[in-house]
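Let's walk through a protein model together, one question at a time. Take a look at the picture first, and then we'll get into it.

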Amino acid sequence: MQSGLYIIGTPIGNLSDMSPRAIDVLRKCDIVAAEDTRVFGKLATHFDIKTPRLSCHEHNEREVIPNLIEKMLNGASVAFVSDAGMPGVSDPGFRIVRAARAEKIPVFVVPGPTAVISALVLSGFPTDRFTFCGFVDEKKLRDDNKIRHTIVYYESPNRVMATIAAMARIMPERQIAIVREITKIHEETIIGYPSELVNITPPRGEIVIVVAPAPEHKMTDDEIAEIVNDIAHSSTKGGATELAARAGISKKEAYKRMLNKE
C-alpha cells in the first residue's frame with residue numbers, strides 16, 4: 001500500500017453505507033488516526049479491522065500530527081477518520097491534511113457519507129449554489145441572511161427550537177428544512193416557514209437545518225405594512241433593523257417606514 005495520508009469517510013448512521021474501499025484501506029494501512037478511538041473501535045469490530053489506532057482530535061492535534069508526519073515521511077500509510085462522516089467538515093481533519101501537503105506527502109481521499117450534502121439533497125432546495133456555515137451562531141444570523149442562495153447548518157437538538165424561533169424573526173420569508181437522523185431508523189425531514197415550525201415537537205438526534213434561497217420577488221407596500229404592524233411593539237431603531245431583514249429593503253428605508261407608522 002502506498003505511503004501517505006488517507007482521509008476516510010465513514011457512515012453517519014447506517015453501517016451499510018461503509019464502502020468496500022474504505023474497509024480495505026483501513027485494514028491495510030499501518031495506522032488509523034481516529035477522532036475518538038472508542039467510537040472507531042465499534043466500527044472496527046463490526047468490519048474486523050485490526051489495524052493499530054491512536055487518538056487524534058482537536059485537543060491533541062498539535063502533539064500527535066508531527067509524529068504522524070514523521071511516520072509518513074518514513075514510509076508509513078496513515079488513515080484518518082472522524083467519529084462519523086467526512087473528516088474536515090466541521091470535524092478534525094484539515095490540519096493533518098495541511099501538514100501533509102506542507103511536507104509533500106501524498107494525500108488520498110476515500111469518499112463517504114456527509115450530512116451536509118445528504119440534507120441538502122433531502123430538502124429539495126436549489127443545489128446549484130449553497131453555503132455551509134457550520135453550527136448555527138444566532139448572533140450571525142442577520143449577516144447570514146445576506147446570503148441569498150441556499151444555506152446549510154448543523155444544529156444541536158438542545159438549541160434547535162431557539163434557532164427556529166430566531167429564524168422566524170430574522171428570515172421569516174425563507175423556508176427551512178429540519179433534517180434529522182439521516183440514514184437512521186427515525187430519519188425525518190420537516191419543511192416549512194420558520195413561523196410554521198416554532199411549535200413542532202422538538203426534534204431529537206443529529207440535526208441539519210437547510211435554508212431555502214431568499215425569494216426573488218420584491219415585497220409590495222401592503223406586505224411591508226403587515227410586517228410593520230407585526231413589529232410595532234419594537235423600538236423604532238430595533239424595528240427598522242428587523243424590518244430591513246424581513247422585507248429585503250435598506251435600513252434607511254425601513255427606518256423611514258417605522259417613523260411613518262408612529
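Getting to know the model

D48 lies in the loop between α2 (37-46) and β3 (53-55). Keep in mind that the model is a predicted one.

Q: Is D48 buried, partly exposed or exposed?
A: To count as buried a residue needs a relative accessible area under 20%, and to count as exposed it needs over 50%. D48 has a relative accessible area of 46%, so D48 is partly exposed.

Q: What is the phi of D48 near?
A: Most residues other than glycine have a negative phi. D48 isn't a glycine, yet its phi is positive, near 55°.

Q: Which loop holds T183, and what is its phi near?
A: T183 is found in the loop between β8 and β9. At 23% relative accessibility, T183 counts as partly exposed. T183 is a residue other than glycine with a positive phi, and that value is near 75°.

Q: How many helices and strands are there in the protein chain?
A: Let's count the elements of the chain. The tally for the protein chain is 11 helices and 10 strands.

Q: Is the protein chain more spread out than a compact globule, or as compact as one?
A: For 262 residues, the globule rule gives 18 Å. The radius of gyration of the protein chain is 23 Å, well over that value, so the chain is more spread out than a compact globule.

Q: What box do the C-alpha atoms of the protein chain fill?
A: The box is taken along the principal axes. The C-alpha atoms of the protein chain fill roughly 75 × 40 × 30 Å.

Q: What percentage of the residues of the protein chain count as buried?
A: The cut-off for buried is under 20% relative accessible area. Of the 262 residues of the protein chain, the share that counts as buried is 47%.

Q: How far apart are the mean positions of the positive and negative charges of the protein chain?
A: The protein chain has 33 positive and 34 negative charges.

Q: Which element gives the most to the largest nonpolar core?
A: The largest nonpolar core has 19 residues, and those touching the most other members include L141, Y153, M167 and I176. The elements that give two or more residues to this core are β7 (150-155), α7 (160-170), β8 (176-180) and β10 (207-211). With six residues, the one that gives the most is α7.

Q: How many residues does the second, separate core have?
A: Among the members of this second core are I23, F40, A44 and V81.

Q: Where is G192 found, and is it buried or exposed?
A: G192 is found in strand β9 (residues 188-192). Leaving aside its neighbours within four places in sequence, G192 is in contact with Q175, I176 and L197. Its relative accessible area is 2%, so G192 is buried.

Q: Which residues does V25 touch, not counting those up to four places away in sequence?
A: V25 is found in helix α1 (residues 20-28). At 7% relative accessibility, V25 counts as buried. The residues V25 touches beyond four places in sequence are M1, Y6, I8 and V110.

Q: How far apart in space are K146 and A214, C-alpha to C-alpha?
A: K146 lies in the loop between α6 (141-144) and β7, and at 63% relative accessibility K146 counts as exposed. K146 and A214 are 68 residues apart in sequence. In space, C-alpha to C-alpha, they are apart by 8.9 Å.

Q: Which residues is A115 in contact with, leaving aside its neighbours within four places in sequence?
A: A115 is found in helix α5 (residues 115-123). At 16% relative accessibility, A115 counts as buried. Beyond its sequence neighbours, A115 is in contact with I12, Y154, I182 and V208.

Key: Residues are numbered from 1 along each chain as its sequence is written. This is a predicted model: local features need pLDDT of at least 70, side-chain atom pairs count only at pLDDT 80 or more; totals for chains, interfaces and linings use all residues. Side-chain values use heavy atoms; hydrogens and water are left out. Helices (H or I, at least four residues) and strands (E, at least two) are DSSP runs, numbered from the N terminus. The radius of gyration is taken over C-alpha atoms; the globule rule is 2.2 Å times the number of residues to the power 0.38. Buried means under 20% relative accessible area, exposed over 50%, partly exposed in between (1.4 Å probe, protein chains only). Lys and Arg count as positive and Asp and Glu as negative; His and the chain ends are not counted. The place of a charge is taken as NZ of Lys, CZ of Arg, CG of Asp or CD of Glu. A nonpolar core is a set of buried Ala, Val, Leu, Ile, Met, Phe, Trp, Tyr and Cys residues joined through side-chain atoms within 4.5 Å. Contact means heavy atoms within 4.5 Å.
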